[in-house]
Structure formats: structure tokens, C-alpha cells
Amino acid sequence: MADSVRLDKYVWAIRQFKTRSEATDACNGNKVQLNGAPAKPSKPVKVGDMLAIRKGSAQFTFKVLQLTETRMGAKLVPEFAENLTPESEMEKLRAPHETFFVQRDRGMGRPTKKDRREMDTLWANFDPSDLPDDYFDDDND
């Protein structure tokens with residue numbers, strides 16, 4: 001077994017991305033860090049390295065336990081990479097994805113700069129904790 005593996009191959013093999021090209025694009029887009037620094041897809045990964053992978057609003061953290069270039073079943077992943085992602089990051093994935101829609105009359109066109117500033121101010125002052133506890137329940141129609 002080699003003493004290092006390409007970063008894009010490794011994150012694909014431990015099932016963090018569905019395809020090698022997605023893994024490569026994530027590396028090129030600075031969504032994958034190796035030992036705290038953004039890394040290119042060809043950067044070698046070694047046992048003991050730390051990986052940080054940004055997916056959406058959450059950042060996953062892994063410690064490399066073993067090297068592999070071949071994709072494996074999900075049950076085998078913990079033998080190759082230890083998931084050190086804090087629970088606070090996992091909560092970000094479970095947060096409701098509510099879209100904030102501002103009603104615009106038909107024919108009004110795109111928002112003006114002033115409209116955009118007003119929407120940004122509205123968003124900045126929005127606090128979901130002010131909503132009633134049962135706001136996100138499905139039977140609240």
C-alpha cells in the first residue's frame with residue numbers, strides 16, 4: 001500500500017462525494033482543507049492528516065486512519081476516517097430550510113437597489129426564535 005493518496009480520490013473513497021469529479025471540483029473550490037489549509041485535488045493525504053470538508057452550511061471534520069483509493073461501503077468508512085464533526089455542525093444540517101419570499105406585484109420587474117437594501121435589512125433583523133414553537137409543524141395549515 002502506498003504511503004499517500006490523492007486528496008480527491010480519498011474524499012471520494014470515504015463517500016463524502018458521489019463522484020470523483022465532484023470531489024475534484026470541491027477541492028478546486030476551496031471546500032476541502034487538508035491540515036487547516038485549502039488543498040488542490042492532487043495533494044497527497046497521509047495517515048494522521050485532518051480533513052475539513054464544507055458541505056452547504058456545515059463543515060465536516062475527519063481524521064485519516066487508513067489510506068484507500070477504492071470506494072467502499074458506508075459501513076467500512078469508520079475504519080478509514082474518524083468523523084470528528086462537532087454536534088453543532090450537524091445541527092446546521094437539521095435546521096429548517098425556510099425561504100423568505102417577499103411578495104412582488106406582477107409586472108413590477110426586478111427589485112431596485114432600494115428594494116434590495118430593504119430586503120437585506122429585513123433579513124438581517126429576522127430571528128426565527130421569535131416564531132411560535134409550532135410554526136414549523138406540518139399540521140399547521
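Visitor: Which residues are linked in a network of salt bridges?

Guide: Arg6, Asp8 and Arg20 form that network. A salt bridge here is a side-chain nitrogen of Lys or Arg within 4 Å of a carboxyl oxygen of Asp or Glu. Before going on: this is a predicted model, where local features need pLDDT of at least 70, side-chain atom pairs count only at pLDDT 80 or more, and totals for chains, interfaces and linings use all residues. Residues are numbered from 1 along each chain as its sequence is written, and side-chain values use heavy atoms, with hydrogens and water left out.

Visitor: Thanks. What is the N to O distance between aspartate 8 and arginine 6?

Guide: The salt bridge between those two side chains has an N to O distance of 3.0 Å.

Visitor: And is aspartate 8 buried or exposed?

Guide: Aspartate 8 counts as buried, because its relative accessibility is 1%. Arginine 6 is at 33%, so it counts as partly exposed. The cut-offs are under 20% relative accessible area for buried, over 50% for exposed and in between for partly exposed, using a 1.4 Å probe and protein chains only.

Visitor: How far is serine 21 from aspartate 8?

Guide: They are 8.2 Å apart in space, C-alpha to C-alpha, and 13 residues apart in sequence. Serine 21 sits in helix H2 (residues 20-28) and is partly exposed at 48% relative accessibility. Helices (H or I, at least four residues) and strands (E, at least two) are DSSP runs, numbered from the N terminus.

Visitor: How many salt bridges does the count come to?

Guide: Four, by that rule. One of them joins lysine 9 and glutamate 69, with the closest N and O atoms 3.7 Å apart. This pair links distant parts of the chain, 60 residues apart: lysine 9 is in helix H1 (residues 7-13), and glutamate 69 is in the loop between E6 and helix H3 (77-80). Lysine 9 is partly exposed at 21%, and glutamate 69 is also partly exposed, at 40%.

Visitor: What about aspartate 120 and arginine 116, how are they placed in helix H5?

Guide: They are four residues apart in helix H5 (residues 113-125), so about one helical turn separates them.

Visitor: Switching topic: what is the strand order in the open sheet?

Guide: The order is E3-E2-E5-E6-E7, five strands with antiparallel pairing. Two strands pair if DSSP finds at least two bridges between them. Strand E3 (37-38) and strand E7 (81-83) are the edges, each pairing on one side only. E3 pairs with strand E2 (residues 32-34) over two bridges, and leucine 34 has alanine 37 in E3 as its bridge partner.

Visitor: Which helix lies across strands E5 and E6?

Guide: Helix H4 (residues 87-94) lies across strand E5 (50-55) and strand E6 (58-64). H4 runs at about 135 degrees to E6, the axes being lines fitted to C-alpha atoms, for helices over the stretch in contact (heavy atoms within 4.5 Å), with angles from 0 to 180 degrees between N-to-C directions.

Visitor: Last one: how many residues are in the largest nonpolar core?

Guide: It has 26 residues, and those with the most contacts inside it include Leu7, Tyr10 and Val45. Such a core is a set of buried Ala, Val, Leu, Ile, Met, Phe, Trp, Tyr and Cys residues joined through side-chain atoms within 4.5 Å. H1 gives the largest share of this core, five residues.
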